[in-house]
Amino acid sequence: MVKIGGNELDRPEWVSACAKALAAGGPTVIVHGGGRAVSGLSRRLSLPVEKRDGLRVTTPQVAEVVEMVLAGPVNRLLVTALRAAGLDAIGLSGADGGLLTATQMAGGLGYVGEITRVRTALLESLLLAGLMPVIAPVTPDPAGSPVALNVNADSAAAVVAAALRATELLFVSDVAGVQVGGVPQATISTGDIERLIAEGTASDGMAAKLRSAGQALAGGAHAVRIGDLRMLTEPSAGTRLVTSASSSPVLA
């Protein structure tokens with residue numbers, strides 16, 4: 001299971017390298033972001049770009065942009081690159097086939113969703129057919145609104161990985177791993193996540209990744225790492241998240 005960060009998706013050489021590295025692996029489900037592209041189009045349309053704790057404040061107008069960008073050009077970009085690398089990728093949104101079900105998150109963020117159900121049988125059948133699902137994290141609004149819910153990609157990846165009991169979940173971006181005091185960490189304990197966030201060591205997108213990593217492990221994923229493309233080919237690359245009982249303390 002792989003979550004691909006949205007900030008790198010406007011770099012064709014990075015996307016191509018990612019696709020080639022994925023081609024060397026086994027059956028994989030991909031969840032992708034696309035925050036930079038969403039922000040860019042929002043600004044061009046004079047819509048607000050606001051985030052709180054790494055989550056986008058999503059008005060109905062911004063929700064339309066999120067769905068158009070993530071389920072459209074960003075998803076297509078990834079699928080095209082993966083197919084060029086020899087992978088039989090298929091693009092999906094959370095709405096397709098009832099793949100993801102979500103409720104609107106509390107906290108005044110607007111049309112932001114929190115996943116409550118994953119149709120794992122659909123993903124498993126696609127994997128068995130030799131297909132690589134590429135998921136844009138938008139879902140229908142259960143209240144019946146025509147506006148889709150925007151689900152944070154890190155959180156979506158965590159929930160999907162937990163539902164599939166994934167062997168490993170990789171949060172892939174252009175950051176080599178988690179640093180504490182400027183020192184890259186080989187491992188971080190889930191018990192240290194909230195302390196690192198409270199201290200400001202992890203903020204915004206990294207805070208969201210760490211919380212999602214903890215969520216994935218608690219939900220049933222067997223292993224989680226945060227790092228760059230090297231994780232796709234090197235088992236020791238990146239920062240591995242470990243449960244509190246099996247961890248050693250992070251550097252202060």
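The legends below describe close-up views of a predicted model. Residues are numbered from 1 along each chain as its sequence is written, and side-chain values use heavy atoms, with hydrogens and water left out. Because the model is predicted, local features need pLDDT of at least 70 and side-chain atom pairs count only at pLDDT 80 or more, while totals for chains, interfaces and linings use all residues.

**View 1. Strand β15 and its two partners.** Strand β11 (residues 169–172) runs parallel to β15 and is joined to β15 by four bridges, whereas strand β16 (residues 239–242) pairs with β15 in the antiparallel sense over three bridges; two strands pair if DSSP finds at least two bridges between them. Valine 224 stands opposite leucine 241 in β16, and leucine 169 stands opposite valine 224.

**View 2. Helices α5 and α7 packed together.** Helix α5 (residues 153–164) and helix α7 (residues 204–219) pack at an angle of about 10°, with their axes 8 Å apart, the axes being lines fitted to C-alpha atoms over the stretch in contact and the angles running from 0 to 180 degrees between N-to-C directions. The two helices are therefore roughly parallel to each other, a term that covers angles under 35 degrees. Among the residues that meet are Ala158 and Ala162 in α5 and Ala208 and Ala216 in α7, where contact means heavy atoms within 4.5 Å.

**View 3. Alanine 216 within helix α7.** Alanine 216 lies in helix α7 and is buried, with a relative accessible area of 0%. Leaving aside neighbours within four places in sequence, alanine 216 is in contact with Ala158, Ala162, Leu169, Ala221 and Val224.

**View 4. The largest nonpolar core.** This core has 40 residues, and those with the most contacts inside it are Met1, Leu169, Leu210, Val224 and Leu241; a nonpolar core is a set of buried Ala, Val, Leu, Ile, Met, Phe, Trp, Tyr and Cys residues joined through side-chain atoms within 4.5 Å. The largest share of this core, seven residues, comes from α5.

Definitions and conventions:
Parallel < 35°, antiparallel > 145°, perpendicular 65-115°, else oblique. Buried < 20%, exposed > 50% of the residue type's maximum accessible area, 1.4 Å probe, protein only.
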